[in-house]
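Please open the structure in a viewer and follow the selections below in order.

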Amino acid sequence: MMQKDVIIIGGGAAGFFAAINIAAQNPSLKVAILERGKEGLSKVKVSGGGRCNVTHAEFIPQELVQNYPRGEKELLGPFHQFMTGDTIAWFEKRGVPLKIEEDGRMFPVSNSSQTIIDCFLNEAEKHQVEVFYSHSVKSISNENDRFQIETSQGRFSSKKVLVATGSNPKIWNLLENLGHTISQPVPSLFTFNITDERIKDIPGVVAKNVEIKVLNTNLWSEGPLLITHWGLSAPSILKLSAYGALELAKREYKFQIEVNFIKQSVEDCLEALKALKQDLAKKAVFKSTQFDVPKRLWHKLVLASYMDEQTRWADVNKMQLEALASQLTQAIFSVNGKSTFKEEFVTAGGVNLKEVNFKTFESKYIKNLYFAGEVLNIDAVTGGFNFQNAWTGAYIAAKAIVNSQ
Ligand SMILES: Cc1cc2nc3c(=O)[nH]c(=O)nc-3n(C[C@H](O)[C@H](O)[C@H](O)COP(=O)(O)OP(=O)(O)OC[C@H]3O[C@@H](n4cnc5c(N)ncnc54)[C@H](O)[C@@H]3O)c2cc1C
């Protein structure tokens, strides 16, 4: 049986960040990470398309929390303790400068997730964090004020345990056995599968700013929309997939959306089209793209409005004009299934947030048991917010563990 002061279960983003911070703040503590993989940090490696979107350039806690469909309320206090600016400073201090992209996402200047991994591995070594790879945790029990942890390669014992196993069903089962409740895990951050003539054969087309509603729900979002080979993607869709993770899972990913491509009311659009009918009378509707709609999308919407490539504005009848206004402002698409968004995905669900003290990230039920990262029922929209949750939780838990020795 190996005796440690602190055991971190899971050598991912939150696990490494916590272990390093504990060992750096109190070098006398024996800190060990138990990781089931042959290597750790595998998600960091593939994150952000291999570039690792470490955090987001949002520096106001009240604004930052709004990116968390689950965890918004609970993270406000923690963000006042460890914010995005602290993340930037933490990495910079260890020789990893970050840069901001136009949309606010922050990456290492190197553009490589390996820089983050190298930083963590060096820091872990420097502060003598022991990492036990290929050690899959099989059971956790709590006797006489110490935790007993059984792994695929032997037993460990420690006074304090931090669970940072991400979205791992086996560990959630173990935590249920210890008395915690787990909110139902479902995927978040996915794209919508749609087969529809209006978006067929035009992958890569981007409508810069659309409004989307999921019919028969309260879900809506706005932002850029990308037409893909399989359907629709980009932030407007990913936001819906995050906020609607539970609702859309219940519907088995079969539902209808209404897209307003020009963010105008159907009435205003119809008035504008009537004016165009006068002004452009001799021109073909197909060839006179309007409202900043991408040309190839405009072509598709015109053809879907009972017109052909030759139809001139002067010859457009009332029904066709109304159909075009409707296609531009309230186009209905049927979603049938989802696809993985390869740059980033997470699981909604995890340890029930009511059972965690967010001043310390300690379990309210089991003393000396802490959580950080995706193991909790916290997840965010795309953009670096999921890692920020891991850094903040890990940092605060680390501080609490050090202070309570
Ligand atoms: C492809 C992809 C790209 C992403 N890109 C981004 C991005 O750019 N920006 C962003 O903010 N978020 C991104 N995310 C989300 C982000 O990776 C996660 O939110 C984050 O990694 C969660 O950190 P974690 O430490 O909680 O879990 P993880 O990083 O998943 O780490 C959990 C660790 O625990 C280990 N483990 C699990 N079970 C056991 C066990 N029984 N015993 C021992 N060890 C165990 C696992 O092997 C793993 O190493 C991405 C996710 C994916 C899948």
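**A guided tour**

Begin by selecting residues 5-399, where UniProt, in an unreviewed entry, places the feature "domain: RsdA/BaiN/AoA(So)-like Rossmann fold-like"; UniProt positions follow the numbering used here, feature names are shortened, and annotations may be inferred rather than shown by experiment. The model is predicted: local features need pLDDT of at least 70 and side-chain atom pairs count only at pLDDT 80 or more, while totals for chains, interfaces and linings use all residues. Residues are numbered from 1 along each chain as its sequence is written, and side-chain values use heavy atoms, with hydrogens and water left out.

Over residues 5-399 the chain is 34% helix and 26% strand (DSSP runs numbered from the N terminus: helices are H or I, at least four residues; strands are E, at least two).

Next, select helix α1, residues 13-25. Because 11 of its 13 residues are buried, α1 is largely enclosed by the rest of the structure (buried is under 20% relative accessible area, exposed over 50%, partly exposed in between, with a 1.4 Å probe and protein chains only). Phe-16, Phe-17 and Ile-20 are among the buried residues.

Then display the open sheet of three strands, in the order β3-β5-β4, with antiparallel pairing (two strands pair if DSSP finds at least two bridges between them). Its edge strands, β3 (55-56) and β4 (98-100), each pair on one side only. Three bridges join β4 to β5 (residues 105-108); Met-106 in β5 is the bridge partner of Ile-100.

Finally, select Gln-264, in the loop between β15 (254-260) and α10 (266-279). Gln-264 counts as partly exposed, at 28% relative accessibility. Beyond its neighbours within four places in sequence, Gln-264 contacts Cys-269, Phe-291 and Thr-329 (contact means heavy atoms within 4.5 Å).

Conventions
The expected span of a helix is 1.5 Å times one less than its number of residues.
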